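Open the model in a viewer and keep the sequence panel beside it. The stops below say what to select next and what is there.

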Amino acid sequence: MVRFVLLAAMALGVMSGPAIAETMTVKAPLEAATVKSDDLDMVAYFRELDGDVLEVTATFAEREGFYRPARVVMGLEQDARVAFSVPGFPETLYRVSRRDGALTVSVERIEFIEVAQID
């Protein structure tokens, strides 16, 4: 019985595919963090702006393929959070958050559901 349950669990894991979940924290300006998904790598760093804003720069590069690297620049105040996907990779969700002077970046695989407008 235990053997059957283990085989079923292993089969379920193989059928569901690899789960991506990677998180990195950056604690100093211009220090970089890299998170990787199946197809993309993202490098993120921040610099301090006047006031209480961190300018975050995230650069995405496809490991294999023809997409040119893409860059996103955003300003984050204390306790701000942003979640987004990159065009062409809607099943890859990136999260960027700021708390206590540190920047946390993560990537995870999500189920993409396409929604169409019906007139």
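**Starting point: Ala102**

Select Ala102, which lies in strand S8; helices (H or I, at least four residues) and strands (E, at least two) are DSSP runs, numbered from the N terminus. The model is a predicted one, in which local features need pLDDT of at least 70 and side-chain atom pairs count only at pLDDT 80 or more, while totals for chains, interfaces and linings use all residues. Residues are numbered from 1 along each chain as its sequence is written, and side-chain values use heavy atoms, with hydrogens and water left out.

Ala102 counts as buried because its relative accessibility is 13%. The classes are buried (under 20% relative accessible area), exposed (over 50%) and partly exposed (in between), with a 1.4 Å probe and protein chains only. Show the contacts of Ala102: leaving aside residues up to four places away in sequence, it touches Thr25, Val26, Lys27 and Ser97. A contact here means heavy atoms within 4.5 Å.

Strands count as paired if DSSP finds at least two bridges between them.

On one side of S8 (residues 102-109), look at S1 (residues 21-26): the two are antiparallel and share six bridges. Thr25 is opposite Thr104 of S8, and Val26 is opposite Leu103 of S8. Then select S7 (residues 89-99), which is joined to S8 by eight bridges, again antiparallel. In this pair Leu93 faces Glu108 of S8. S7 and S8 form a hairpin with two residues between them, and Asp100 in the turn has a positive phi of about 50°.

**Into the core**

Which residues have the most contacts inside the largest nonpolar core? They are Met42, Val56, Phe60, Tyr94, Val96, Leu103 and Val105, in a core of 21 residues. At least two residues of this core come from each of S2 (33-36), S3 (40-48), S4 (54-62), S5 (70-76), S6 (81-86), S7 and S8. A nonpolar core is a set of buried Ala, Val, Leu, Ile, Met, Phe, Trp, Tyr and Cys residues joined through side-chain atoms within 4.5 Å.

Centre on Leu103 and display what it touches beyond four places in sequence: Met24, Thr25, Val26, Tyr45, Phe46, Val56, Leu76, Val96 and Ser97.

**The other sheet**

Select S2, S3, S4 and S5, an open antiparallel sheet of four strands in that order. S2 and S5 stand at the edges with a single partner strand each, so one side of each has no neighbour in the sheet. Ignoring direction, neighbouring strands of this sheet are turned by 20° against each other on average. Within the sheet, S3 and S4 are antiparallel over nine bridges, and Ala44 has Ala58 in S4 as its bridge partner.

**Two loop residues**

Go to Leu30, in the loop between S1 and S2. Leu30 is not a glycine, yet its phi is positive, about 65°. Leu30 counts as exposed because its relative accessibility is 61%. Asp79 sits in the loop between S5 and S6. Asp79 is likewise not a glycine and has a positive phi of about 65°. With a relative accessible area of 45%, Asp79 is partly exposed.

**Zoom out**

Of its 119 residues, 26% count as buried.

Finally, colour by pLDDT (the predictor's confidence in each residue, from 0 to 100). The protein chain averages 81, and 83% of the residues score at least 70. Over residues 1-18 pLDDT stays under 50, and the model has two contacts beyond four places in sequence for this stretch. Where pLDDT is low, the predicted coordinates should not be read in detail.

Definitions and conventions
Axes fitted to C-alpha atoms, helices over the stretch in contact; angles between N-to-C directions.
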